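Student: I would like a close look at one part of this model. Please start there and then move on to the rest.

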Amino acid sequence: MAFAATYNAKETEDKWYSYWMENDYFHSEVNEKEPYTIVIPPPNVTGVLHMGHMLNNTIQDVLIRRARLKGYNACWVPGTDHASIATEAKVVNKLKEEGINKNDLSREEFLDHAWEWTHKHGGIILEQLKKLGASCDWERTKFTMDEDLSKSVIKVFVDLHQKGHVYRGYRMVNWDPQAKTTLSDEEVIHVEKEGKLYFLNYAIEGSDDVLSIATTRPETIFGDTAICINPNDERFTHLKGKKAIVPLCNRVIPIIEDEYVDLEFGTGCLKVTPAHDENDKNLGDKHQLEVIDIFNDDASLNSYGLHYEGKDRFDARRDIVKELESLQVLTKTETHINKVGTSERTGAVIEPKLSDQWFLKMKELAQPALDAVLDKEVALVPEKFINTYRHWMENVRDWNISRQLWWGHQIPAYYYGDGKEDYVVAESKEEALSLAKSKTNNDNLSLADLTQDEDALDTWFSSWLWPMSVFNGILEPDNTEINYYYPTNDLVTAPEILFFWVARMIIAGYEYRGEKPFNSVYLTGIVRDKQRRKMSKSLGNSPDPLMLIDKYGADGIRVGMLLSSPAGNDLMFEEDLCKQGSGFVNKIFNASRLILNWEVDQDKPQPDYCKTAISWYQAKFQKSLAELDDHYSKYRISDALMTTYKLVWDDFCSWFLEMIKPPFGEKIDAITYQSAVALLEDNLKVLHPFVPFISEEIWQNISERSKEEALIIAEWPEQTSIDEAFIKDFETVKEIISGVRTIRKEKNISFKDSIQMSVINNEKLNTSYDSIIAKLGNIEEITYVEEQQANSMSYRVKSNEYFIPMLGAIDVEEEIKKLTEELNYQQGFLKSVTKKLSNERFVDNAPEKVVAIEKQKQADAEAKIEAINQSLASLK
């Protein structure tokens, strides 16, 4: 294949992704190999690719591509989530733009619109993931509303109801007035906001007395049904047994006593509004108070709000405050900071609301999932999240699983009478009819007598089955695929859905398969900008991922995203990272092009320096390979990338290629060329998970390959022994070469001019390295001497001394001045290090490694001082 002069990312990426798809490299079927399975955290069907998806899916693709190279049967299942609240909101808005009100439609008509919208927009994000290079098994793409997945959800609901885990209850719930549905506790985000504390006077019935209460929500006075004082509060002894009058509505309410009241907060008196606060509801139940709900579903005031009926709660608050001021009921206001519950989906301020809802008992179900993480059967990476997980699971509350939505899985409860408890739960209406007849002993019941519950199930109630349902493990629990692919290997997701999704999947796994759904959970950080703000559309600080791919190429973006993304720690993203990633891709391309364009002389003998260079790089590659395996095993993906980056950029491009590069105008010998190509191929294998497109492009340019020989399904390099001594020696060789280059630069000696070098070899460094030093330093001859050389520039590496004869006239005085300045600096540095090491407290208490570093600094400084003194002696 022709190797282009410059790298065209877009053309290359389109070409190889099509090639991979055409040859079914991403597809997995059950076979004799060991499986490696990842299920994608299904993005919302409403979604488009954002930076969080980019990070998450790049990591998954790195893991899955490496698994293929390691010989596993790699299966990455993609799909999308129906996202009840988000999707329904988008469909409602679309209908509104068309002049259609959801309330004017039947459920079936609305669902037709929802499916139409889903079919039109639902595949967008998956197509975008292909641009990133995601090697998902697209033939296995799932949607949480697919028929088999829907049946799985209904089957599980029915089963849990039969076991007594699912129940219907009238309880205080989190109400999203924008989406007009309940939310689970985990879907409520508590945001610290500055508000006001309003101090109101309530008249005492039958007297001129007043009592003052403090509230953050004056609009809820219409729902007050008591004032509560602490029985131990001597300030209010005179109010015991009396009644108060609620401002504006003039309702007479009792003054009750309870130690729940905080003596220090506000005025020490508490207004009790059981319909709109969970703690007030508990007080109300205890003292048998009336419950008055003052809000409509959209959080506007209902008829209990009197002349404020129909007004939005926040508009009503503003106007009520003005009226209370005019009546001299409001005595003062103070600034108040408190945490306000907001909807994770819509951002609306949550209203506590009493409602009939479906709940799942969690305490018993959660225990096996808690034990699994604490016993490290399921590994959380990083481990810092274990305590957070434990706290949540130990304090788990029943899960409100019903939503007042039409888009989603309709709850399979069928009512046959007028009472709340006149229902049966079944997988089908026909089965429900049979159960209802049996329950009522009424054989005259018909399907027309049954009414299905209007609510849909929480979206997470379907996605908690995801690792099982994508392999049909609920409907057919002993099928070949679930037995082969489950439990899956790794889950890559964000910490913010540790409880929404991860914990619940573990719970479902133990409940329905008796085992964990995955071995490890890799929790990524949040993508933030340089100011540490979370990237979001609303802040305008989130770049368009597709524009970045167009600009820097998918490989460049993948490298940029992973350059500084340690597990669980946030990624401070800036576009320069992508620029660096793109630069790395071009470096790989240009280095490969250099090798493959060399002309080969079949008869030319292999130079010694090439033999040495090849042996060194093979050793260095093996050391890096061991590091990579260690990083991958610990999910240090960023570290794995850095090891690969340094290996290729520094060791291969900057050193190895310079060592073996034939002199200008000459050909390379065949043995060196073949070795260089073989090492390049090994590089491409370890590069492939990170930069799949450029690596496949170069692989296919090296020679003609059949589809069975593509890089994507090649074999990961084999780990062999590591020659540590060779690698250590070569670090010394690099220092020697760097010393030569420094002298050339400082003394303006052109690299074209060859020079002489003398060496006092106290280190007994193997002379086989001389050919490398000579080539990279352009040294005509290296001689070994026993004493210092006069009229020479010198430097020291460890205990070895290197001398380069002075060429031409130099300013001796200037040279002495420079060396003296350096001597003074080194002596000062040595003094400070020696002082630290003479401090017994430091030596006794500091870690052994830290002390060793300081001792090495001392030895290096002493060696440099000795070398400078010798150089000065040769000049005087």
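Student: Is Lys764 buried or exposed, and what is its relative accessible area?

Tutor: The model is predicted, and what follows describes that prediction. Lys764 has a relative accessible area of 69%. Exposed means over 50%, so Lys764 is exposed. Lys764 lies in the loop between strand S28 (755-760) and helix H24 (770-777). Its phi is positive, about 55°, although Lys764 is not a glycine. Most residues other than glycine have a negative phi.

Asn441 sits in the loop that runs between helix H11 (429-440) and strand S20 (451-452). With 71% relative accessibility, Asn441 counts as exposed.

Two prolines come next. Most peptide bonds are trans. The bond joining Val381 and Pro382 is cis, with omega about 0°. Pro382 is in the loop between strand S15 (379-381) and helix H10 (385-394). A cis peptide bond also joins Tyr486 and Pro487, with omega about 0°. Pro487 belongs to the loop between helix H14 (480-485) and strand S22 (488-493).

The largest nonpolar core has 191 residues, and Tyr389, Phe461 and Phe656 have the most contacts inside it. Helix H20 (residues 637-660) provides the largest share of this core, 13 residues. Leaving aside neighbours within four places in sequence, Phe461 is in contact with Val153, Val156, Phe157, Leu160, Leu360, Trp399 and Ile401. There is a second, separate core of 29 residues, which includes Ile213, Val246, Leu324 and Val329.

The axes of H17 (residues 554-562) and H18 (residues 575-596) come within 7 Å and cross at roughly 125°. On the H17 side, the contact is made by Asp555, Gly556, Ile557, Val559 and Gly560. On the H18 side, Leu577, Cys578, Gly581, Ser582, Phe584 and Val585 take part. By type, the residues of this contact divide into six nonpolar, four polar and one charged.

How values were computed: Residues are numbered from 1 along each chain as its sequence is written. This is a predicted model: local features need pLDDT of at least 70, side-chain atom pairs count only at pLDDT 80 or more; totals for chains, interfaces and linings use all residues. Side-chain values use heavy atoms; hydrogens and water are left out. A nonpolar core is a set of buried Ala, Val, Leu, Ile, Met, Phe, Trp, Tyr and Cys residues joined through side-chain atoms within 4.5 Å. Buried means under 20% relative accessible area, exposed over 50%, partly exposed in between (1.4 Å probe, protein chains only). Helices (H or I, at least four residues) and strands (E, at least two) are DSSP runs, numbered from the N terminus. Contact means heavy atoms within 4.5 Å. Axes are lines fitted to C-alpha atoms, for helices over the stretch in contact, and angles run from 0 to 180 degrees between N-to-C directions. Ala, Val, Leu, Ile, Met, Phe, Trp, Tyr, Cys and Pro count as nonpolar, Asp, Glu, Lys and Arg as charged, and the others, Gly among them, as polar.
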